[in-house]
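Look at the picture and the sequence, then read on.

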Amino acid sequence: MRDTALSLDVQATGVAAVDLRRKPRLGEKVIQSFLLICAVTSIFTTVGIVYELARESLHFFTRQSWENTNKRIVADVGAQAATFEVSQGGAVLREGDIVRLDEEVMQIVSRTSDALTVARGQQGTAAAAHDAGATLFKASRATLREFFTSTKWNPQIGHFGVLPLVISTLITSSIAMLVALPLGLSTAIYLSEYASERARKTLKPILEVLAGIPTVVYGYFALTFMTPLLRSILGRDVVEVYNMASAGIVMGILILPMVTSMSEDALSAVPNALRQAAYAMGATRVETALQVVVPAAFSGLAAAFIVSISRAIGETMIVAIAAGAGPAFTFNPFQAAETMTGHIVRISGGDISYDSIDYNSIFAIGLLLFFMTLTLNVISQCIVRRYREVY
Amino acid sequence: MNKLTRDVLLVGLTLVALLVTACGGSAPTTAPTEAPTEAPAEAPAEAPTEEAPVEPSGKGVSLPAVNPLELEGDIIAAGSSTVYPLAEAMAERFKNEGFAGNITVDSIGSGAGFERFCVAAESDISNASRPIKESEVKSCQENGREPIEFRVGTDALAVVVNPENDFVANVTMEQLALIFSDQAETWTDVNPEWPDEPIQRFIPGTDSGTFDYFVEEVFDENEEPILSAANTQLSEDDNVLVQGVSGSPYAIGFFGYAYYAENEDKLKVLSIEGVEPSAENVDNGSYPLARPLFIYSTAEIMQQKPQVAGFINFFLTYVNEEIRAVGYFPASEEALDASRQTWLDAMGQ
Amino acid sequence: MKSISANGAFEENIPQRRRTGQIWHTLFQASTIVGIIFLSALLYSVLNQTFGLVAIENQVDPAALAVGGVSVEELSKEQLVAVLQEHVSKGLFRRFEYDRPFAQRSREEVYRLVWQHVVAPQAVETWSLYESIFARDEIEAAVAEEFPDATLQFRSWLNRRLLTASQSSDPEQAGIRTAILGSLWTIAITILTAFPLGVGAAIYLEEYAPDNWLTRLLQTNINNLAGVPSIIYGLLGLAIFVRALEVLTSGAMFGATDPTTANGRTILSAGMTLGLLILPLIIINAQEAIRAVPDALRRASYGLGATQWQTIWWHVLPNALPGILTGTILGVSRAIGETAPLVVVGASTFVAIDPRGPFSKFTTLPIQVFQWTARPQDEYRNLAAGAIIILLLLIITLNALAVVLRNRYSRRL
């Protein structure tokens, strides 16, 4: 019955028989699968990011790295000796340190100014004889506790505290937000509430131009203009050549267009009816703007702010050029202190061997950075969903 | 290997044969201005080959003339940021005089340079401002590379302060150790007559040969005090250090002399133990922080890549003409002769 | 707002509220102006360093080159060749002869060589545009005192040599040709990677995807990826493209390794890393463009018996194309300006020869600016400013193109 219903009677219509059943289209299926694969690459990207960051961070926290202490044993050491002399100079060794001579691992029980007493054959290695002149290596390991609580970052000598980098990142981002938030919101209010159509048409493209300028140009601007300006205003003694403040201020200029643009979108989305109602009640323009429109657009504004903070935290080039090249634990914004992103760039800008402590450490820092920005982004999306007013 | 490499090798080997049999020591004979593939058996026409290698003391060692126009291929060098300006200058001159291939020089620090040379086996020449370490020689050998050392010059490590600094012009080694360690926070901690301001320190990063050298000479190989000091900025890029010291009145830093020479108007150099870093003090050995500059390669690379051998030859021949302009000091004639002899030995002469 | 006074009457308080309103109005206007001021300050600081006076000193005084009382400008070609031979190194002279024999060169050419290599004018000090215009007298006095042999010249550091010369240690000779070519090669790979993947993903999400958990996951994932800092993409590129896929990215798999680098730090890695970076942007923009196509169009097409893909390919995409292109152009302009991920992936410090293909070492324009900014000598400041202008022109052109496209075609539907 189906066949007869779905085919035209040649006699009746005079045209050739046409089969109108649904045809299986293989080509369509293939194309659809291909498009699905395209969409799924985005998942691979995220998976890739998380996997690589996590893997190297795991290495970072579990590896036992050996630093060369530049100390050597003075005379041949037999397989049984528990005490032997070491050369002067080199790194400082303390009781409880794990050391390595050739392939054997030992633990220091006690020490005098030129001799060590050790427990031999630790960590599953066999006690063996060693020739004079063999170098001692000291073990160091990064622990999570040290990572988050110690205030010194220097993997070469066993200091693994990430706090100086994090504090510096937070300080520069805070300064950036102090600049960008008030200015951005005010500009957005002006553009959406006060500006004429023509003014808006000319101003918005200008702001978009600001948004497109590469960050390295902002870095150049920070070093050649902002730092000398700050130094001439506040004095060369107060403000160092590399400092967090000028990087922060310029970062604020960088994210200003983003804040303005997103805030303006949020404010424009508020229906005009609300404004008209307020005017009808006798409110002035500013009263309407500040007490009616802004609260109504709150979710969009909050989202804009949080996304901008996340952008400021992830910003690299400005701080790499202008904020300093050495981790420093300080709260003074006029001093130099390296941020998380600046550190990653400096370390990888040279050359890193794939299994060194430095290579692992940049991934650990990267993982922390990823979590910080991801959390901020998720929070902003939650806020939008929860507080969005539906009109 | 691809066709290009094969052609280059063929041409190169022929050229090397030519050069070796050519008259050694004197001015480069009429180098062929047409296409280099003309090559082969012109060789025997020139003077006896014995003239090329070691001549008795006094005359020094001379290398066979090298013509950059006839060399092709690529040369990869990487390593010390101190040696970098010198290597860059020689590479540019090599290119200006006609070398058609690609020379890349990366400034990543002596340690990282050896890493790339020995472990990754990616570079042909490793620049270093310190001698190669035992452990690095071992890792090279594990990868089938036997490093050979060429001394190319001398650096007087410049300890610099800001030009506005009027209270210190000379430091002793003990004071240096104190200034750069975590024992001193302000200038007063080092010398009570100096101002009570925090010391801003700008030092090369830990991958830098300059760093290793300083730690060896001043801290007896213990890197903890200098790395634990407060207010310290580290960078493998000496330019960043120059900017830092020139920007702050209470700053102090150290790097290769060339970086001071190029920025003399922004920096003030200190004398160490009463000795100034000058050409004579470096020559007579009285400046305590004078250190040798090296480039490393292997005989195998030099023989397989004649352009590398040619470049090293060029380097050793003309380095003294360029080194002062760069800002460093020439190595002694004996040292250069030894390097040239090493070159000849490596090429099998 | 309005206040109720003690006796219950309603005070409108209008003059004070109006004043408050005006103050706020001015504040808002001022904020807008501040944004424009910042942009001007940025442009000013760049332009200020691009043009200015330079004090030029000659390595060799031309007067000293006179032969037999005849000044160097009047010398014959043979005499000039002799002067050249006397003052430049043998190797350099040999090179000149090799490039073009002196017999074939004109007198002017030889004179130019003498000027460039023997007299060798060098800039010993530079001044900014502001100082050059407003402090001219002080500059002249300073030059007369410190560099008595120097002449003052007004120079634009943004000149043809900047564009055509390759990198050099001498600021007089340095240029951005290698960097621009590196940028162009990298962007080509970026577009090849990101455009098909991005548009494909957007089509899937808008046209085919059912409303289930997978789709929501994909959408959230893409939105999150758009907010990930660029340096994380650099780390990803380093770990995966440079290290894990070294066989592919170094070209070893194709037997096409570049002789200067046997590892994965190639243009291919850089391009793919940037491609992943701008992928979320392209997807989001393309999605919006496709969403903007009215449903009526699709229904009409189905009504005529077209399949889904036929509808998309022949009707939806052509209409969404301007929006998609806008998004792509914005993404590309972002990628051109990216520095941090490429530094992590491994751009080189001193690359003297132009990239030969996707498996070459690379350096890009923003990285060149970064390196020059880090150098303390003043001439590099000027060079960096010139390079920045080129970079800005490139990006502003792209952005303007995108805005024009968007404005022109958004009105149509």
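B:Asn231 sits in the loop between helix 8 (224–228) and strand 8 of chain B. Helices (H or I, at least four residues) and strands (E, at least two) are DSSP runs, numbered from the N terminus. The model is predicted: local features need pLDDT of at least 70, side-chain atom pairs count only at pLDDT 80 or more, and totals for chains, interfaces and linings use all residues. Residues are numbered from 1 along each chain as its sequence is written, chains are lettered from A and ligands numbered from 1 in the order in which they are written, and side-chain values use heavy atoms, with hydrogens and water left out.

- B:Asn231 has a positive phi of about 55°, although it is not a glycine.
- B:Asn231 counts as partly exposed, at 23% relative accessibility.
- Here buried means under 20% relative accessible area, exposed means over 50%, and partly exposed is in between (1.4 Å probe, protein chains only).
- A:Asp102 is not a glycine either, yet has a positive phi of about 50°.
- The loop that holds A:Asp102 runs between strand 3 (98–101) and strand 4 (104–111) of chain A.
- A:Asp102 is partly exposed, with a relative accessible area of 39%.

**Chain B overall**

- Chain B has 14 helices and 12 strands.
- Of its 349 residues, 60% are buried.
- Take the contacts in chain B with a separation of 6 or more: residues 24 or more positions apart account for 75% of them.
- Contact means heavy atoms within 4.5 Å.
- Chain B exposes about 13100 Å², and carbon and sulfur atoms supply 50% of that area.
- Accessible areas come from the Shrake-Rupley method with a 1.4 Å probe; for residues, only the protein chains shown count as cover.

**Helix 7 of chain B**

- Helix 7 of chain B spans residues 209–219 and is mostly covered.
- Nine of its 11 residues are buried.
- Among them are B:Phe211, B:Tyr213, B:Phe214 and B:Phe219.
- B:Gly209 and B:Asp212 of helix 7 are also buried.
- What do the buried residues of helix 7 of chain B pack against?
- Their partners include helix 3 (110–119), helix 5 (173–179) and helix 8 of chain B.
- Strand 7 (200–204), strand 9 (251–255) and strand 12 (290–298) of chain B are partners too.

**Two buried loop residues in chain B**

- B:Glu236 lies in the loop between strand 8 (232–235) and helix 9 (238–247) of chain B.
- Is B:Glu236 buried or exposed?
- B:Glu236 is buried, with a relative accessible area of 17%.
- Leaving out residues up to four places away in sequence, B:Glu236 touches A:Arg346, B:Ser81, B:Ile108, B:Gly205, B:Thr206, B:Asp207 and B:Ser208.
- B:Glu236 and B:Phe211 are 25 residues apart in sequence, and their C-alpha atoms are 9.4 Å apart in space.
- B:Thr186 is in the loop between helix 5 and helix 6 (187–190) of chain B.
- B:Thr186 counts as buried, at 14% relative accessibility.
- With residues up to four places away in sequence not counted, B:Thr186 touches B:Asp196, B:Glu197, B:Pro198 and B:Ile199.
- B:Thr186 and B:Ala230 are 44 residues apart along the chain, and 10.0 Å separates their C-alpha atoms.

**Chain C overall**

- Chain C has 17 helices and five strands.
- Its radius of gyration is 30 Å, well over the 22 Å that the globule rule gives for 413 residues, so chain C is more spread out than a compact globule.
- The radius of gyration is taken over C-alpha atoms, and the globule rule is 2.2 Å times the number of residues to the power 0.38.
- Along the principal axes, the C-alpha atoms of chain C fill a box of roughly 100 × 80 × 40 Å.
- Buried residues make up 51% of the 413 residues in chain C.

**Domains**

- The domain assignment of chain C gives domain 1 (50–156) and domain 2 (177–412).
- Domain bounds come from an automatic or database domain assignment.
- The centres of these two domains of chain C, taken over C-alpha atoms, are 45 Å apart.
- How many residues of domain 1 of chain C are in contact with domain 2 of chain C?
- Four residues of domain 1 are in contact with six residues of domain 2 in chain C.
- Chain A is assigned domain 1 (26–62), domain 2 (66–140) and domain 3 (163–387).
- In chain A, 51 Å lie between the C-alpha centres of domain 2 and domain 3.
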